[in-house]
Amino acid sequence: MNDNIAKVVQRGENLEQLQNKTDDLANSSLQFKRGASDVRKAMWWKDTKMKLILGGVVAVILIIIIVSVVMTQKK
């Protein structure tokens with residue numbers, strides 16, 4: 001009988017440890033999700049900035065080419 005009581009108490013302790021581990025895992029997964037979201041946003045902004053800069057450079061080059069062609073046509 002004492003052995004059965006000890007087993008029940010041990011099982012309760014094991015369940016409590018398992019519950020603590022699952023809580024820790026849930027918290028870790030939330031932190032990971034937030035971190036992944038932050039990284040995704042940062043990379044999106046980086047990609048968008050690069051596209052804008054590249055578009056600006058292409059626009060400036062096109063303007064220079066067009067202006068030089070127009071200036072040579074006028075002469």
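Met71 is found in helix α1. Its C-alpha atom lies 16 Å from that of Val60, eleven residues away in sequence.

The model is predicted; local features need pLDDT of at least 70, side-chain atom pairs count only at pLDDT 80 or more, and totals for chains, interfaces and linings use all residues. Residues are numbered from 1 along each chain as its sequence is written, and side-chain values use heavy atoms, with hydrogens and water left out.

The chain contains one helix and zero strands. Both element types are DSSP runs, numbered from the N terminus: helices are H or I with at least four residues, strands are E with at least two. Helix α1 covers residues 2-74. The overall dimensions were computed next. Along the principal axes, the C-alpha atoms fill a box of roughly 110 × 10 × 5 Å. The radius of gyration is 32 Å, whereas a compact globule of 75 residues would have a value near 11 Å. This radius is taken over C-alpha atoms, and the globule rule is 2.2 Å times the number of residues to the power 0.38.

Val8 and Lys49 are 41 residues apart along the chain and separated by 61 Å. Gln73 and Phe32 are likewise 41 residues apart, with a separation of 61 Å. For Ile64 and Leu52, twelve residues apart, the distance is 18 Å.

Buried residues make up 0% of the 75 residues in the chain. The chain exposes about 7300 Å², and carbon and sulfur atoms supply 67% of this area. Accessible areas come from the Shrake-Rupley method with a 1.4 Å probe; for residues, only the protein chains shown count as cover. Val8, in helix α1, counts as exposed at 60% relative accessibility. Gln73 is found in helix α1 and is exposed, with a relative accessible area of 66%. Ile64 lies in helix α1 too. Its relative accessibility is 53%, so Ile64 counts as exposed.

A nonpolar patch lies on the surface. Ile53, Val57, Ile61, Ile65 and Val69 form this patch, with about 430 Å² of accessible area together. Patches are made of residues with over 30% relative accessible area and no salt bridge; like charges are joined within 9 Å, and nonpolar side chains (Val, Leu, Ile, Met, Phe, Trp, Tyr) within 5 Å. Ile53, one of the patch residues, lies in helix α1. Ile53 is exposed, with a relative accessible area of 54%.

Charged contacts were also searched. The structure holds one salt bridge, defined as a side-chain nitrogen of Lys or Arg within 4 Å of a carboxyl oxygen of Asp or Glu. The partners are Asp47 and Lys51, whose side chains meet at 3.4 Å, N to O. Both residues lie in helix α1, four residues apart, about one turn of the helix. Asp47 is partly exposed, with a relative accessible area of 37%. Lys51 is exposed, at 57%.

A search of the whole structure finds one aromatic pair. Trp44 and Trp45 form this pair, which is edge-to-face, with 4.9 Å centre to centre and 75° between the planes. Rings of Phe, Tyr and Trp (its six-membered ring) pair if their centres lie within 6.5 Å; planes under 30 degrees apart count as stacked, over 60 as edge-to-face and the rest as tilted.

Conventions:
Buried means under 20% relative accessible area, exposed over 50%, partly exposed in between (1.4 Å probe, protein chains only).
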